[in-house]
Amino acid sequence: MSHSHTDQEAHNKEAMAEIKKVTIILSVFTVIELLLGFWMMGMTSVGLKLAVKGTIVILMMAKAFYIVAYFMHLKHEVKNLIMTIVVPLMLFLWFIGAFLWDGNSFRNLRNDYDPYFKEQATIKVEKKEGEHGAAKQEAAEVKEIAAPAEKH
Amino acid sequence: MSTTTTASPNEAKLWGGGKSPFNSEYGKVMMWYFLMSDAFTFGAFLISYGTVRFSTNGWPNSNEVFRSFPFAPDGVHAPLVFVSIMTFILIISSVTMVLAVHAGKNMDKKGVVRNMIWTIIGGLAFLSCQAWEWNHLHSEGAWWGMNPFLNADGTASSTNFTNFFFTITGFHGFHVFSGVVINIIMLIMTLLDKFEQRGHYLMIEKAGLYWHFVDLVWVFVFTIFYLL
Amino acid sequence: MSHEAALHNHEGHGHDDHGDHEHHDTFLTKYVFSQDHKMIAKQFLITGMVWAVLGGLMSVLFRLQLGYPDASFPWLESILGKWAKGGQITPEAYYALVTTHGTVLVFFVLTAGLSGTFANFLIPLQIGARDMASPFLNMLSYWFFFTASIVMLSSLFVETGPFSGGWTAYPPLSALHDASPGSKSGMDLWIIAMALFVVSSLLGGLNYIATILNMRTKGMSMTRLPLTIWALFFTAVLGVLSFPVLLSGMILLIFDRNFGTSFYLSDIYVNGVGALSNEGGSAILFQHLFWFLGHPEVYIILLPAMGMVSEIMSVNSRKPIFGYMAMLGSLFAIAILAFLVWAHHMFVTGLNPFLGSVFVLLTLLIAVPSAIKVFNWLTTLWRGNIRFTPGMLFAIGFVSLFISGGLTGIWLGNAALDIYLHDSYFVVAHFHIVMGVASMFGMFAGVYHWFPKMYGRYLNNTLGYIHFWITIAGAYMIFWPMHYQGLAGMPRRYFDFSIWESFKQFAELNRFISTVAMIVFAVQILFLINFFYSIFKGRKVTVQNPWESNTLEWTTPIRPGHGNWPGEIPEVHRWPYDYGKDGHDFIPQTTPVGADETGTH
């Protein structure tokens with residue numbers, strides 16, 4: 001092509017600036033996600049928790065957008081290529097919606113008609129010294145069975 | 001029923017045959033659609049996870065499960081810290097991959113080699129972290145079909161938490177592994193001047209697409225398993 | 001810049017030397033590990049035909065059981081051994097036969113055999129390319145399919161028999177080894193075969209998409225593509241987006257079978273005691289995942305047939321296809337809707353009824369593009385100067401079957417009706433007519449129409465007419481009565497109906513159906529004889545364009561070599577359906593548009 005050298009250099013600079021910008025955005029978003037995650041740990045309000053989770057999902061989608069658009073260069077491709085990628089991805093909306101809807105319905109169904117299933121959700125397992133009692137017991141068993149695991 | 005009049009002259013030329021309408025060679029088009037298809041594979045896994053989680057009454061709290069850190073003394077719990085390191089490793093390796101692709105576009109062999117090496121190191125570091133985490137969870141008694149963790153509300157948990165965790169992170173790890181292998185092959189081909197002879201570094205670009213996809217999947221896996 | 005150079009050279013990619021000179025091919029590189037799309041297409045076709053015969057034979061065997069439940073056939077024992085002790089098919093063998101029949105015909109014959117054959121054969125020839133975008137991946141695609149075939153075939157010979165839980169492989173029958181004999185190693189082999197098959201279809205599909213987008217010859221804009229290519233394009237898209245979901249489902253199933261997980265296992269009680277060590281999953285999840293593939297799969301089977309029928313119908317009516325853009329739009333609409341309707345297979349499974357009603361709505365929407373296509377075919381025929389070649393007859397037969405099978409689809413799409421008709425012979429009749437037999441007809445139409453291009457010889461017409469008339473009459477005689485049986489409540493997947501008083505009345509009808517099925521199967525053998533005889537001894541093609549067709553494949557030599565066109569690839573100047581225009585019977589796509597021509601397309 002007929003790019004002159006200065007053109008090329010300007011283009012390079014622009015591209016590098018873009019990479020830098022996207023790197024920073026991705027890092028910032030991740031940090032925000034983590035902060036939200038920490039904040040959520042002690043949270044008791046269900047509504048607030050749901051709102052935070054929604055925010056995290058939005059941040060996740062934003063990160064995905066930046067990776068696809070800039071790192072994978074999709075934003076700079078021909079419009080038609082963008083469309084052939086984005087349009088099929090729309091299928092995920094119904095894919096996710098219908099699956100989760102039916103998953104939820106299956107839980108309600110079982111809670112209504114399967115007393116054993118419902119009972120399970122109310123019996124608390126006894127905790128031995130700390131929260132990880134059951135875990136440690138199991139771990140010990142595993143170690144006995146699998147010798148190689150002992151190293152760790 | 002005229003069909004070509006609606007398109008602008010420039011676009012009509014692109015779609016008029018004899019040229020790729022996407023301005024990219026067939027390998028890249030194929031790579032994009034392969035990634036679409038792989039997105040549906042991962043999508044199906046993650047959506048299955050969501051479906052099962054929605055159809056189960058309780059679920060373990062990820063902050064109590066993923067709270068260890070290598071070389072940390074017993075009793076020190078640091079939820080989210082280790083996985084955030086893994087996430088940053090992958091993001092940085094994605095950045096170095098972009099730089100490698102960029103260097104390839106400028107026919108800068110040295111830049112390609114340097115950045116590819118960093119990307120490979122990043123990939124290997126991520127895999128090591130994952131190996132450590134798997135190993136740690138296994139030593140706690142977690143595996144396919146074994147779930148030592150309790151639900152957040154203290155009730156017994158079904159094994160599906162660990163089942164999905166190991167299956168999905170395993171499948172992602174397999175992708176990272178194959179990405180590292182591809183990157184190593186690309187590095188060797190660069191060192192052997194294969195791309196210099198061809199006159200273009202398009203192969204690096206395609207490997208880059210794959211690598212970014214792996215990073216992209218991790219964005220979802222990380223959020224869904226560790227944060228939500 | 002280097003990139004630009006690489007981009008502009010793409011059409012010459014790797015094929016610059018494929019001009020008119022023949023390669024020094026050994027037998028192995030020419031016929032076995034061939035990278036020529038035409039040879040790969042023939043490999044797909046013949047492998048598909050082998051499977052069609054096996055699958056058909058299985059249907060004959062289980063129809064024998066359904067038609068003559070009390071009789072014993074000693075010769076059966078000599079072929080099937082312990083699966084037909086005393087000359088009567090055992091229930092296990094019956095279910096294995098039904099399952100394998102479904103799997104093989106849906107995936108190996110009507111997916112690989114149909115779109116594998118015609119996508120490989122027609123895409124490069126009709127868009128004007130030397131070969132596929134990646135001939136190597138194309139070859140791999142066939143060999144993955146071949147390996148899948150071998151694995152599936154070997155599952156027929158394992159001690160405990162092939163998988164017998166239905167082609168949909170629902171857990172727990174597919175997830176628990178002890179659920180049935182076929183759930184043991186037969187199921188493992190089934191999963192492996194399907195996984196290999198997914199890889200094969202993925203490699204093929206990516207290749208088809210990239211080829212259609214990138215390798216079109218000069219002047220071949222997307223709206224100048226024959227409808228075959230459009231149909232194959234959407235087929236490939238459907239395959240690339242839906243098969244991976246099946247792969248995920250299969251991976252989870254492997255874990256459930258072998259590694260103690262319970263993705264699909266909720267809970268099972270035997271005598272009030274929980275029988276599973278692992279539980280808590282959801283069996284419905286597998287059904288969702290399966291049908292997320294399974295429904296697009298129906299269109300993966302149907303669309304190539306639709307595309308070929310459009311092309312053959314236009315050529316043999318000597319008329320442009322009616323409503324090219326509407327045909328294209330309806331293909332697109334079907335491709336999208338195919339992904340949105342999967343749960344209409346699951347109305348009685350415990351699906352949320354409100355969710356079900358959304359699926360009813362989406363399902364019934366498919367009637368719109370389907371109807372558009374049907375009326376466009378009919379109006380293409382309207383006042384046409386029709387040539388009743390065997391290919392054309394099969395194309396018309398396809399439309400007939402598509403209408404009669406599609407109409408019952410509207411019944412089954414309604415949850416209220418489906419809850420009554422589900423798992424009855426009504427369903428069997430519906431999907432066999434609309435998807436099985438109709439696509440088979442599309443495939444036959446394609447074979448009859450393009451056989452001269454494939455082998456440089458004609459198929460025998462008389463045998464073709466016999467084949468057509470007996471097959472279409474037979475198809476209706478087999479499946480029409482099944483609607484009646486289904487409405488009367490006769491359930492599918494039963495081994496023996498004679499022990500129920502209420503179904504005894506159908507004994508005679510069952511016998512009739514079985515007899516017709518055997519006759520129809522025999523006629524397919526006649527077709528096979530015609531096919532293989534004609535490859536070697538058929539009447540030779542002497543003209544380049546025997547059907548006087550417009551599309552590019554008829555501008556190649558009668559038996560095109562590797563690279564298809566000896567010289568330059570021809571340039572395209574018009575759409576492919578200029579039949580009966582301005583006093584010309586047909587105007588090939590390569591003819592430049594004349595100055596005095598009326599409204600160019």
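Colleague: What radius of gyration does chain C have, and which value would a compact globule give?
Modeller: In this predicted model, chain C holds 601 residues, for which a compact globule would have a radius of gyration near 25 Å. The C-alpha atoms of chain C occupy a box of roughly 85 × 55 × 50 Å along the principal axes. The radius of gyration of chain C agrees with the globule value, being 25 Å.

Colleague: Among contacts in chain C between residues at least 6 apart in sequence, what percentage join residues at least 24 apart?
Modeller: Chain C is built with 18 helices and four strands, and buried residues account for 56% of its 601 residues. For contacts between residues at least 6 apart in sequence, the share joining residues at least 24 apart is 79%.

Colleague: Which element gives the largest share of the side of chain A that touches chain B?
Modeller: The contact draws 51 residues from chain A and 48 residues from chain B. Elements giving two or more residues to the chain A side include α2 (46-71) and α4 (91-113) of chain A. The largest share, 12 residues, is supplied by α1(A).

Colleague: Is α4(A) roughly parallel or roughly antiparallel to α9(C)?
Modeller: The axes of α4(A) and helix α9 (residues 283-317) of chain C come within 11 Å and cross at roughly 160 degrees. Angles over 145 degrees count as roughly antiparallel. Therefore α4(A) relative to α9(C) is roughly antiparallel.

Colleague: How many nonpolar residues does the contact of α4(A) with α9(C) have?
Modeller: Phe95(A), Phe99(A), Asp102(A) and Phe106(A) in α4(A) meet Ile284(C), His288(C) and Phe292(C) in α9(C). Besides one polar and one charged residue, the nonpolar count in this contact is five.

Note on methods. Residues numbered from 1 in each chain as written. Chains lettered and ligands numbered in written order. Predicted model: local features only at pLDDT ≥ 70, side-chain atom pairs only at ≥ 80, totals over all residues. Rg over C-alpha atoms; globule rule 2.2 N^0.38 Å. Buried ≥ 20, exposed ≤ 12 C-beta atoms within 10 Å, placed from the backbone. Contact = placed C-beta atoms within 7 Å. Axes fitted to C-alpha atoms, helices over the stretch in contact; angles between N-to-C directions. Parallel < 35°, antiparallel > 145°, perpendicular 65-115°, else oblique. Nonpolar A, V, L, I, M, F, W, Y, C, P; charged D, E, K, R; others polar.
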